[in-house]
Amino acid sequence: MSPTLTTKLQPGTQAPDFSLKDAKGNTTSLAAYRGKHVIVYFYPAAATPGCTTEACDFRDSLASLQGSGYEVIGISPDAPEKLASFTGDFGLTFPLLSDEDHRVALAYGAWGEKLVNGEITEGIVRSTVVLDPEGKVTLTQYQVKAEGHVAALKEALGV
């Protein structure tokens, strides 16, 4: 396997636009969030322990994030059907989007080599990108740990 090189986004740059299917099969576009601050987070797989911890932390922090003007979007390579189960099983109330061909993860620098159980694999690198109302990157966090990430993110955002 030859590694896929991705360029990490930098603060001040325009975030790549995207349109992806959500858990219900509806298309959600980043353009629909213009005028709002947006937290876009990338996670490897729905319903796995770390991803569940992170998603539930975002769910539990959603009111305070939204109260401070931030919307949350989660993106993974899972099919919409799997996202629907994940959303229902854990009462997730923010959009989870399906990036099955991982082109959005590549565009955001959230796809690459990582160490999993002692083996180097290629896949989603747990990452968070925060956008301003014009769609410009204000904060990037790559290779984050699931546990405690949302609390640290809220602190970094002053929420």
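The model is predicted. Helix 2 has a buried side and an exposed one, and the largest nonpolar core has 22 residues. A second, separate core has 21 residues.

- Helix 2 spans residues 80–90, and its buried residues are Pro 80, Leu 83, Phe 86 and Thr 87.
- These four sit on the same side of helix 2 because they cover an arc of only 115 degrees around the axis.
- If you turn to the other side of helix 2, you will find Glu 81, Gly 88 and Asp 89 exposed.
- The cover over the buried residues of helix 2 includes strand 1 (19–22) and helix 1 (49–67), along with strand 4 (70–76) and strand 5 (96–98).

**The largest nonpolar core**

- Within this core of 22 residues, the ones with the most contacts are Phe 18, Phe 42, Ile 75, Val 104, Tyr 108, Val 129 and Leu 131.
- At least two residues of this core come from each of strand 3 (37–42), strand 4, helix 3 (103–107), strand 8 (127–131) and strand 9 (137–142).
- Strand 3 is the biggest contributor to this core, giving three residues.

- Among the 21 residues of the second, separate core are Ala 23, Ile 39, Leu 65 and Val 150.

Note on methods:
Residues are numbered from 1 along each chain as its sequence is written. This is a predicted model: local features need pLDDT of at least 70, side-chain atom pairs count only at pLDDT 80 or more; totals for chains, interfaces and linings use all residues. Side-chain values use heavy atoms; hydrogens and water are left out. Buried means under 20% relative accessible area, exposed over 50%, partly exposed in between (1.4 Å probe, protein chains only). The arc is that of the directions from the helix axis to the C-beta atoms. Contact means heavy atoms within 4.5 Å. A nonpolar core is a set of buried Ala, Val, Leu, Ile, Met, Phe, Trp, Tyr and Cys residues joined through side-chain atoms within 4.5 Å.
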